[in-house]
Amino acid sequence: MKLKKMTAVLSVAAMTATLLNGCSQGSEPAAATKPVAEDTTPITIQYWHSHAEKQMPIVNTMIEEFKKKYPYITVEQVFQGGYPDLHKKLQAAVAANSVPAVTNVEVASLPNFAEGGVFTDLTSFIKRDQIDLNDFSKGMLQAYGYNNKQYGFPLIVSSSVFIYNKTMLDKIGVKPPQTWSEIEDFNKKVTIKENGKTTRYAFSVPGWDTWYFDPWITNGGGTILTADKKKVGFDQPESWRWIENFRKWTQEGSVQMGYGPGASDNMRQMFLDQKVAMVEHSSATLKATYLDNAKFEVGMSFLPGDKERKAHIGGAGIVIMDKAPEKQKEAAWKFVKFLTDKENNIRWADGTGYLPTHKSVINTEEGKKFFEKYPQYKVLFDNFDNIVGRPQHPAYPEFSKKYLDIVGKMLLENADPVPLLKDAVKGMNDILKDYQ
């Protein structure tokens, strides 16, 4: 493996610091693992994770219930900090030949680890135990597969969404735009200016992380990576539409975009202060950030579409480390199955604030109660298979920083982003060459 690939994991860690903390099977899948006799010899495995403190009650409950089902397996949960810290510690553990059996991995980081052979291909376990992959959200499952191997399952999954002030929009008599063609009219009706200065923005799009604007690129017909993944697609007019729109809307004062330290907190507060009607944010922020703090009714809307209509997955999955001893892998697989099983899916989602990942849970009694409690989430399940993974390439953390920096120059220096984007194409393609 080239040095670029080996060091890419650490660049992923730097990139994911700004985040909120169908299985693609090939023509020659791994052979099914043969059934094994149940070995009930006591065994202990470690689960490295990045679960926030508020998620720990459900994590501990699930571990306790797993212990009741498999009394001979002890799971030691070890918090390893946010995703960047977790990824660095995984790298160190691999180098030291002392790895946990099972761990979280942030979705954009999986290609780098997979290229290095760090994770176990779960295909043989899946075939042996006849796991119904069709019950998972297709996009969520594909996000944890790479190069025709299924390395993990979705666990703590979020989506970029629009969270809006329903009380305000109902009073104005407008709904969140569902297509790009509806945005201009929405902006005119919602934006308020006084003495030439905007006092209420129609909506806000974060400028501090590519996760938030990558879907705009592809929804507008643009290309981040060519089909062969050897070049970027930013030399095509369709791939400029997103940033041309953002520049127009921010210059006219109808859209707010933040960039740099404090930008995320500022956007949240502007929404709660009703200075912006709608914010693009992670679905994982709905409860604790907005429902618990807003003094108005909060709604959720899927991102507006144009050439297509998709949103990208955030959060993390659960994987098994390939260097773990075989007996630990078997215990880890049981734990992975237990955490991601449809029987526990709604309770897990409710306890963590993340999304259910199985289609079949939506119409169960638990699912119905979940949507009665949080009707905002229904819009995501109306678009369940349109929640897809991020661009999968080991070089993504490195080359994506190029167009993230251009957004920063547009916002902070009032630079015209299109010439900058065109000029950056060669540099991004050179980065991709280093990985070929």
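**A loop residue and its surroundings**

Gln274 is partly exposed, since its relative accessible area is 37%. In this predicted model, Gln274 sits in the loop that runs between helix H11 (263-272) and strand E11 (278-282). A residue from another part of the sequence comes into the picture here: the C-alpha atom of Arg200 is 7.3 Å from that of Gln274, although 74 residues separate the two along the chain.

Asn97 belongs to the loop between helix H3 (83-95) and strand E3 (102-106). Asn97 counts as exposed because its relative accessibility is 57%, and the cut-off for that class is over 50%. The backbone of Asn97 has a phi near 55°, which is positive in a residue other than glycine. Asn148 also has a positive phi without being a glycine, at about 65°. Asn148 is found in the loop between strand E4 (145-146) and strand E5 (149-150). With a relative accessible area of 44%, Asn148 is partly exposed. As background to these phi values, most residues other than glycine have a negative phi.

The C-alpha atoms fill a box of roughly 75 × 50 × 35 Å along the principal axes. The radius of gyration is 22 Å, which agrees with the value near 22 Å for a compact globule of 436 residues. Of these 436 residues, 57% count as buried. The accessible surface comes to about 18,400 Å², and carbon and sulfur atoms account for 48% of that area.

Aromatic side chains come next. The count of aromatic pairs is 33. One of them joins Phe370 and Phe371, whose ring centres are 5.5 Å apart and whose planes meet at 80°, so the pair is edge-to-face. Phe370 is buried, at 3% relative accessibility. Phe371 is buried too, at 14%. Elsewhere, ring pairs link Phe162, Trp180, Phe203, Phe213, Trp216, Phe234, Trp242, Phe246, Trp249 and Tyr403 into a cluster.

The largest pocket holds about 730 Å³. Its lining is made up of 28 residues, and those nearest the centre of the pocket are Lys229, Gly389, Arg390, Pro391 and Gln392. By class, this lining has nine nonpolar, 13 polar and six charged residues.

The second largest cavity has a volume of about 40 Å³. Pro154, Leu155, Leu339, Thr340, Asn345, Trp348, Leu355 and Thr357 line this cavity. At least two of the lining residues come from each of strand E6 (152-165), helix H13 (326-340) and helix H14 (345-352). Five residues of the cavity lining are nonpolar and three are polar, with no charged residue among them.

Conventions
Residues are numbered from 1 along each chain as its sequence is written. This is a predicted model: local features need pLDDT of at least 70, side-chain atom pairs count only at pLDDT 80 or more; totals for chains, interfaces and linings use all residues. Side-chain values use heavy atoms; hydrogens and water are left out. On a 1 Å grid over the protein atoms alone, a cavity is a set of points where a 1.4 Å probe fits but cannot get out, and a pocket is an open set with protein on both sides within 12 Å along at least five of seven lines; lining residues have an atom within 4 Å of a point. Grid points are joined across faces, edges and corners, and a volume is the space filled by probe spheres set on the points. Ala, Val, Leu, Ile, Met, Phe, Trp, Tyr, Cys and Pro count as nonpolar, Asp, Glu, Lys and Arg as charged, and the others, Gly among them, as polar. Helices (H or I, at least four residues) and strands (E, at least two) are DSSP runs, numbered from the N terminus. The radius of gyration is taken over C-alpha atoms; the globule rule is 2.2 Å times the number of residues to the power 0.38. Buried means under 20% relative accessible area, exposed over 50%, partly exposed in between (1.4 Å probe, protein chains only). Accessible areas come from the Shrake-Rupley method with a 1.4 Å probe; for residues, only the protein chains shown count as cover. Rings of Phe, Tyr and Trp (its six-membered ring) pair if their centres lie within 6.5 Å; planes under 30 degrees apart count as stacked, over 60 as edge-to-face and the rest as tilted.
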